[in-house]
Amino acid sequence: LLGLFPNQRGKGIGKQVLSWAETEARREAKNLWVLSSSFNQPAINFYQSLGFCPIASIPGLVTPEFDEILLRKCL
């Protein structure tokens, strides 16, 4: 689970964490996956800016009102 307080966003922390995760994943994986709630468009935009593509929507996984968006980056 990755989350940043609003006053810590835009400082490159999330990009550094995902860059590390991608480096580690490349050792054995062909894909890197993330999940974001549909109401969190800033997070979805962030992931897409790093090359993740929406693959599927999981209705009501966390709450009945919102979907979870599964995004993948091919490595």
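Leucine 35 is partly exposed, because its relative accessibility is 40% (buried means under 20% relative accessible area, exposed over 50%, partly exposed in between, with a 1.4 Å probe and protein chains only). The model is predicted: local features need pLDDT of at least 70, side-chain atom pairs count only at pLDDT 80 or more, and totals for chains, interfaces and linings use all residues. Residues are numbered from 1 along each chain as its sequence is written, and side-chain values use heavy atoms, with hydrogens and water left out.

Leucine 35 sits in strand 1. Helices (H or I, at least four residues) and strands (E, at least two) are DSSP runs, numbered from the N terminus. The chain holds two helices and three strands. Their order from the N terminus is α-β-α-β-β. Along the principal axes, the C-alpha atoms fill a box of roughly 35 × 30 × 20 Å. Of the 75 residues, 21% count as buried.

Leu35 also belongs to a nonpolar surface patch, together with Ile58, Leu61 and Val62. The accessible area of these residues together is about 350 Å². Patches take residues with over 30% relative accessible area and no salt bridge; nonpolar side chains (Val, Leu, Ile, Met, Phe, Trp, Tyr) are joined within 5 Å, like charges within 9 Å. Areas come from the Shrake-Rupley method with a 1.4 Å probe, and for residues only the protein chains shown count as cover. Valine 62 lies in the loop between strand 2 (53-59) and strand 3 (67-74). Valine 62 is exposed because its relative accessible area is 60%. Its C-alpha atom is 8.3 Å from that of serine 37, a residue 25 positions away along the chain.

Charged pairs were examined next. Side chains of opposite charge can pair when their charged atoms come close. The whole structure contains three salt bridges (a side-chain nitrogen of Lys or Arg within 4 Å of a carboxyl oxygen of Asp or Glu). Glutamate 22 pairs with arginine 26 at 2.7 Å, N to O. Glutamate 22 also pairs with lysine 73, with the closest N and O atoms 2.8 Å apart. Lysine 73 is in strand 3 and glutamate 22 in helix 1, so this pair ties together parts 51 residues apart in sequence. Arginine 26 is partly exposed, at 46%.

The side chains of arginine 27 and glutamate 24 form another salt bridge, at 3.3 Å, N to O. Arginine 27 is exposed, with a relative accessible area of 60%. Glutamate 24 is partly exposed, at 31%.

The largest pocket has a volume of about 750 Å³. Among its 26 lining residues, Leu2, Gly3, Ala43, Phe46 and Tyr47 are the closest to the centre. Helix 1 (13-25), strand 1 (31-37) and helix 2 (41-49) each give two or more residues to the lining. Helix 1 gives the most, with seven. On a 1 Å grid over the protein atoms alone, a pocket is an open set of points where a 1.4 Å probe fits, with protein on both sides within 12 Å along at least five of seven lines; lining residues have an atom within 4 Å of a point. The lining divides into 14 nonpolar, eight polar and four charged residues. Ala, Val, Leu, Ile, Met, Phe, Trp, Tyr, Cys and Pro count as nonpolar, Asp, Glu, Lys and Arg as charged, and the others, Gly among them, as polar.

Definitions and conventions: Grid points are joined across faces, edges and corners, and a volume is the space filled by probe spheres set on the points.
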